Amino acid sequence: LPIAKEILNGLKSEIDIKTVNIPFATYPDAIKLAIKYLNENKISEAKDVIGMALNTLVNTDTIIPIPIIKANDLVVEASKIASKDKTQTIKYLDEAKRQLKIAELLGYTSKSDTTYKMLKDSINNIKNKIGAGKDTSSYFDKLKAKLKDFKEKAIHILTK
């Protein structure tokens, strides 16, 4: 299991943010009490109070899938140049689809099994509209909204 975990960790494509929060409601009082015990030369009690205060720290891990962020950024950039450079727009959309495939293969998902299919279908629809020379701004707006929603659902926040 440790070897498998090490191998699988190499496949991750995510930003991990670790945050430690101090509960300000109780922490200052614990420090004051510990100082009081130190002034009274009660070292053991001061250590106990500090130990209890440290046990109240709240750890939060936020996991942000990089391929979903890349796909989102590529779609945003594609929407900006869609009316000027159709070739580059198609390249950005193809790369966005590739990033979504990477995210899907790595298991970064929302609660819906159909989300990836819906996003890829939206990208294909926009590519077809570009090929037909039609205005794509409303389609891009819908896709960007779907990607934003998906990105928010795919970011995992774990509190310990």
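Residues are numbered from 1 along each chain as its sequence is written, and because the model is predicted, local features need pLDDT of at least 70, side-chain atom pairs count only at pLDDT 80 or more, and totals for chains, interfaces and linings use all residues. Side-chain values use heavy atoms, with hydrogens and water left out.

## The sheet

Let's start with the strands. Helices (H or I, at least four residues) and strands (E, at least two) are DSSP runs, numbered from the N terminus. Three strands make an open sheet, ordered β1-β2-β3, with antiparallel pairing. Two strands count as paired if DSSP finds at least two bridges between them. At the edges stand β1 (14-21) and β3 (156-159), each with a single partner strand, so one side of each has no neighbour in the sheet. On average, and with direction ignored, neighbouring strands here are turned by 15° against each other. For angles like this one, axes are lines fitted to C-alpha atoms (for helices over the stretch in contact), and the angles run from 0 to 180 degrees between N-to-C directions.

What joins β1 to β2? Eight bridges link β1 and strand β2 (residues 58-65), in the antiparallel sense. Within that pairing, Ile17 has Thr62 of β2 as its bridge partner, and Thr19 sits opposite Thr60, also of β2. On to the other pairing: β2 and β3 run antiparallel and are joined by four bridges, with Asp61 opposite Leu158 in β3.

How many residues of β2 are buried? Six of its eight residues are, so β2 is largely enclosed by the rest of the structure. Buried here means under 20% relative accessible area, exposed means over 50%, and partly exposed is in between (1.4 Å probe, protein chains only).

## α4 and α5

Two packed helices are described by the angle between their axes and the distance between the axes. For helix α4 (residues 66-81) and helix α5 (residues 86-105), the axes come within 8 Å and cross at roughly 165°. That is why α4 and α5 are roughly antiparallel to each other; the cut-offs are under 35 degrees for roughly parallel, over 145 for roughly antiparallel, 65 to 115 for roughly perpendicular, and oblique for the rest.

The α4 and α5 crossing is left-handed, a label used if the near helix is turned anticlockwise from the far one by less than a right angle (right-handed if clockwise). On the α4 side, the contact residues include Pro67, Ile68, Lys70, Ala71 and Leu74; on the α5 side, among them are Tyr92, Leu93, Ala96, Gln99 and Leu100. Contact means heavy atoms within 4.5 Å. By class, the contact of α4 with α5 has 13 nonpolar, three polar and three charged residues. Ala, Val, Leu, Ile, Met, Phe, Trp, Tyr, Cys and Pro count as nonpolar, Asp, Glu, Lys and Arg as charged, and the others, Gly among them, as polar.

Buried or exposed? At 5% relative accessibility, Gln99 counts as buried. Leaving aside neighbours within four places in sequence, Gln99 is in contact with Pro67, Lys70, Ala71 and Leu74.

## α6 and α7

Now the other helix pair. The axes of helix α6 (residues 115-131) and helix α7 (residues 137-154) come within 10 Å and cross at roughly 160°, which makes α6 roughly antiparallel to α7. This crossing of α6 and α7 is left-handed. Residues of α6 including Tyr116, Met118, Leu119 and Ile123 meet residues of α7, among them Tyr139, Phe140, Leu143 and Phe150. By class, the contact of α6 with α7 has 10 nonpolar, three polar and two charged residues.

| Residue | Relative accessible area |
|---|---|
| Leu105 | 65% |
| Thr87 | 54% |
| Asn39 | 67% |

Leu105 is in helix α5; Leu105 and Leu11 are 94 residues apart in sequence and 10.0 Å apart in space, C-alpha to C-alpha. Thr87 also belongs to helix α5, and its C-alpha is separated by 15 Å from that of Val76, 11 residues apart along the chain. Asn39 is in helix α2 (residues 27-39); between the C-alpha atoms of Asn39 and Ser137, 98 residues apart along the chain, the separation is 69 Å.
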